[in-house]
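Subject: Structure handover

Dear colleague,

Here is the structure for you to look at, with the sequence alongside. My notes on what was found in it follow below.

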Amino acid sequence: MAGGEAVIVAGIGLRPGTSEVDILACLDQALRQAGVAPTALRLATIASRSREAGLLATARSRNAELVAIPDEALKGYEAACATRSTRIASLYGVGSVAEAAALAAAGPGSVLIQPRIATARVTCALARSTS
């Protein structure tokens, strides 16, 4: 980003078939809770969910890049996760897909600014990139 502007990355975990409306509601809730209104937003999720229609629509509606994180790459962020779902840990080897994806896409030195929040079909966490 120009001038070293920090990018906010929203890590998204979702169930297959989740609608854009549901994803946007969770994303907006996370942004409100964190008290941020980013000028630059990036979305991140695991590669196996990156082609979900609702997520693609969300990225288009927010003019946000969507980053697909390889499932196995999430494991390197386990220690940085603030929350833990035992079901998700058994599936992906990391306590929070949303938190790990946000941190992975935000890059080295990034910080988690909003731990995972969960709705019925979506989780969202926010990280700030320092580069």
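A word on terms to begin with: a helix here is a DSSP run of H or I with at least four residues, and helices are numbered from the N terminus. Please keep in mind that this is a predicted model.

By that numbering, the run called α4 is followed by glycine 107, which has a positive phi, near 95 degrees.

Helix α4

Helix α4 covers residues 97-106, and ten of its ten residues are buried, so the helix is largely enclosed by the rest of the structure. Buried here means under 20% relative accessible area. The residues concerned are Val97, Ala98, Glu99, Ala100, Ala101, Ala102, Leu103, Ala104, Ala105 and Ala106. What lies over them? The cover includes the strands β1 (8-14), β2 (41-46), β3 (65-69), β4 (111-118) and β5 (122-128), together with helix α3 (86-92).

The sheet

Five strands make up an open sheet with mixed pairing, and their order is β3-β2-β1-β5-β4. The edges are held by β3 and β4, each of which has a single partner strand, so one side of each has no neighbour in the sheet. On average, neighbouring strands of this sheet are turned by 20 degrees against each other, direction ignored.

Going through some of the pairs:

- β2 and β3 run parallel and are joined by five bridges. Leucine 43 has leucine 66 in β3 as its bridge partner.
- β1 and β5 run antiparallel, with seven bridges between them. Isoleucine 12 has cysteine 124 in β5 as its bridge partner.
- β4 and β5 are also paired, in the antiparallel sense, over five bridges. Here isoleucine 117 stands opposite cysteine 124 in β5.

Strand β5 is mostly covered, with six of its seven residues buried.

Helices α1 and α2

Two further helices are worth a look together. Helix α1 spans residues 20-34, and its axis comes within 8 Å of that of α2, the two crossing at roughly 55 degrees. An angle of that size makes α1 oblique to α2. The crossing of α1 past α2 is right-handed. On the α1 side the contact is made by Glu20, Ile23, Leu24 and Leu27, and on the α2 side by Gly54, Leu55, Ala57, Thr58 and Ser61. Sorted by class, these are five nonpolar, three polar and one charged residues.

Helix α1 lies across β1, β2, β4 and β5, and runs at about 40 degrees to β5. Helix α2 packs on the sheet as well, where it touches β1, β2 and β3, and its direction makes about 165 degrees with that of β2.

Is threonine 58 buried or exposed? Its relative accessibility is 0%, so threonine 58 counts as buried. Threonine 58 sits in helix α2, which covers residues 53-61. Leaving aside neighbours within four places in sequence, threonine 58 is in contact with Glu20, Ile23, Leu24, Leu27 and Leu43. Of these contacts, Glu20, Ile23, Leu24 and Leu27 are the residues that α1 brings to its contact with α2, while leucine 43 is the bridge partner of leucine 66.

Alanine 53 lies in the helix α2 too. Its relative accessibility is 58%, so alanine 53 counts as exposed. Between alanine 53 and threonine 18 there are 8.1 Å in space, C-alpha to C-alpha, and the two are 35 residues apart in sequence.

The β4-β5 hairpin

Strands β4 and β5 form a hairpin, with three residues between them. Arginine 121 is found in the loop between these strands. With a relative accessibility of 32%, arginine 121 counts as partly exposed. Which residues does arginine 121 contact, leaving aside its neighbours within four places in sequence? They are Gly13, Leu14, Arg15, Pro16, Gly17, Thr18 and Asp22. For threonine 18, the C-alpha atom is separated from that of arginine 121 by 6.4 Å, although the two are 103 residues apart along the chain.

Regards

Technical notes:
Residues numbered from 1 in each chain as written. Predicted model: local features only at pLDDT ≥ 70, side-chain atom pairs only at ≥ 80, totals over all residues. Heavy atoms only, no water. Buried < 20%, exposed > 50% of the residue type's maximum accessible area, 1.4 Å probe, protein only. Contact = heavy atoms within 4.5 Å. Axes fitted to C-alpha atoms, helices over the stretch in contact; angles between N-to-C directions. Parallel < 35°, antiparallel > 145°, perpendicular 65-115°, else oblique. Left-handed = near helix turned anticlockwise from the far one by under 90°. Nonpolar A, V, L, I, M, F, W, Y, C, P; charged D, E, K, R; others polar. Pairing = 2+ DSSP bridges.
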